[in-house]
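Colleague: I'd like to learn how to read a model like this one. Could you walk me through it, feature by feature?

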Amino acid sequence: MTGQMPQPASIEERLDVALDTLEQLLDEALPALVERVEALETAAGTRATTERRAEFRFGFPPTPGKPVDPERSLQAWNRLHEWVRWLAGQFRLTALLPPCWPQHPVLVEELTALYLAWDGAWKSSAPPEAPSAFLERLDRARVRWADTNWGIPRCDGSHEPGGLDAAELYRAWNDDDRQRSALLAARDATLARLRQQDGEAA
């Protein structure tokens with residue numbers, strides 16, 4: 001019986017050997033498995049973030065790659081519109097953002113970038129400084145919006161001397177019919193662009 005390994009005498013000893021072998025295999029394989037799972041999660045998160053960002057392109061300029069689904073684009077417009085309403089009230093921006101902002105591509109671009117930064121700042125994978133980075137971006141945007149050379153339509157100057165919006169100014173801004181009609185016009189234009197791009201791609 002030369003060359004054969006001696007068998008453990010009892011079932012307990014055989015179980016201990018099997019458990020030791022299993023533990024050794026797990027110690028060797030687990031780090032690689034964790035690394036692969038993390039890589040897959042990162043790739044999936046990056047792909048989802050990229051697809052989500054594409055929803056907010058609204059067809060100007062035409063988005064390279066896969067065409068944006070018109071229904072998802074409309075949902076993105078609605079999410080952006082609701083968020084801008086919240087942002088304008090929360091940060092008192094009605095003197096800087098005209099109610100017809102959806103018809104101003106520069107404002108749409110800026111507000112979309114801010115929305116995506118704000119949204120990403122609250123994800124569990126975001127770094128701890130992400131919310132404050134959003135606030136810094138918002139502050140820089142406010143400075144640009146207040147600059148008369150930037151080209152944003154100005155308000156009529158009926159804000160408080162301190163630059164803060166009065167409650168009635170916000171209500172008037174929020175209830176302004178131009179906001180809803182501007183949103184509808186911008187969404188219709190987006191659908192037309194996306195359908196035209198889809199037709200050209202076919």
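This is a predicted model: local features need pLDDT of at least 70, side-chain atom pairs count only at pLDDT 80 or more; totals for chains, interfaces and linings use all residues.

Colleague: What percentage of the residues count as buried?

Modeller: Buried means under 20% relative accessible area, exposed over 50%, and partly exposed in between (1.4 Å probe, protein chains only). In this chain of 202 residues, 30% count as buried. The accessible surface, by the Shrake-Rupley method with a 1.4 Å probe, comes to about 13,300 Å², and 57% of that belongs to carbon and sulfur atoms.

Colleague: Which residues have the most contacts inside the largest nonpolar core?

Modeller: The general idea: in soluble globular proteins, nonpolar side chains tend to be buried together. A nonpolar core is a set of buried Ala, Val, Leu, Ile, Met, Phe, Trp, Tyr and Cys residues joined through side-chain atoms within 4.5 Å. The largest one here has 23 residues, and W83, V84, L93, L97, W101, L111 and W145 have the most contacts inside it. At least two residues of this core come from each of α2 (70-90), α3 (105-121), α4 (130-146) and α6 (177-201).

Colleague: At what angle do α2 and α3 pack?

Modeller: Two packed helices are described by the angle between their axes and the distance between the axes. Axes are lines fitted to C-alpha atoms, for helices over the stretch in contact, and angles run from 0 to 180 degrees between N-to-C directions. For α2 and α3 the angle is about 85°, with the axes 10 Å apart. That falls in the 65 to 115 degree class (under 35 is roughly parallel, over 145 roughly antiparallel, the rest oblique), so the two helices are roughly perpendicular to each other.

Colleague: Which residues of α2 and α3 meet?

Modeller: Contact means heavy atoms within 4.5 Å. On the α2 side you have W77, R79, L80, W83, V84, W86 and L87, and they meet V108, L111, T112, L114, Y115 and W118 of α3. By class, these residues are eleven nonpolar, one polar and one charged; Ala, Val, Leu, Ile, Met, Phe, Trp, Tyr, Cys and Pro count as nonpolar, Asp, Glu, Lys and Arg as charged, and the others, Gly among them, as polar.

Colleague: Is W118 buried or partly exposed?

Modeller: W118 counts as partly exposed, because its relative accessibility is 23%. Not counting residues up to four places away in sequence, W118 touches W83, W86 and F134.

Colleague: And where is Q179?

Modeller: Q179 sits in helix α6 and counts as buried because its relative accessibility is 2%. Beyond its neighbours within four places in sequence, Q179 is in contact with H81, R85, P99, W101, W173 and N174.

Colleague: Which residue other than glycine has a positive phi?

Modeller: R92 does, with phi near 55°. R92 lies in the loop between α2 and α3.

Notes: Residues are numbered from 1 along each chain as its sequence is written. Side-chain values use heavy atoms; hydrogens and water are left out. Helices (H or I, at least four residues) and strands (E, at least two) are DSSP runs, numbered from the N terminus.
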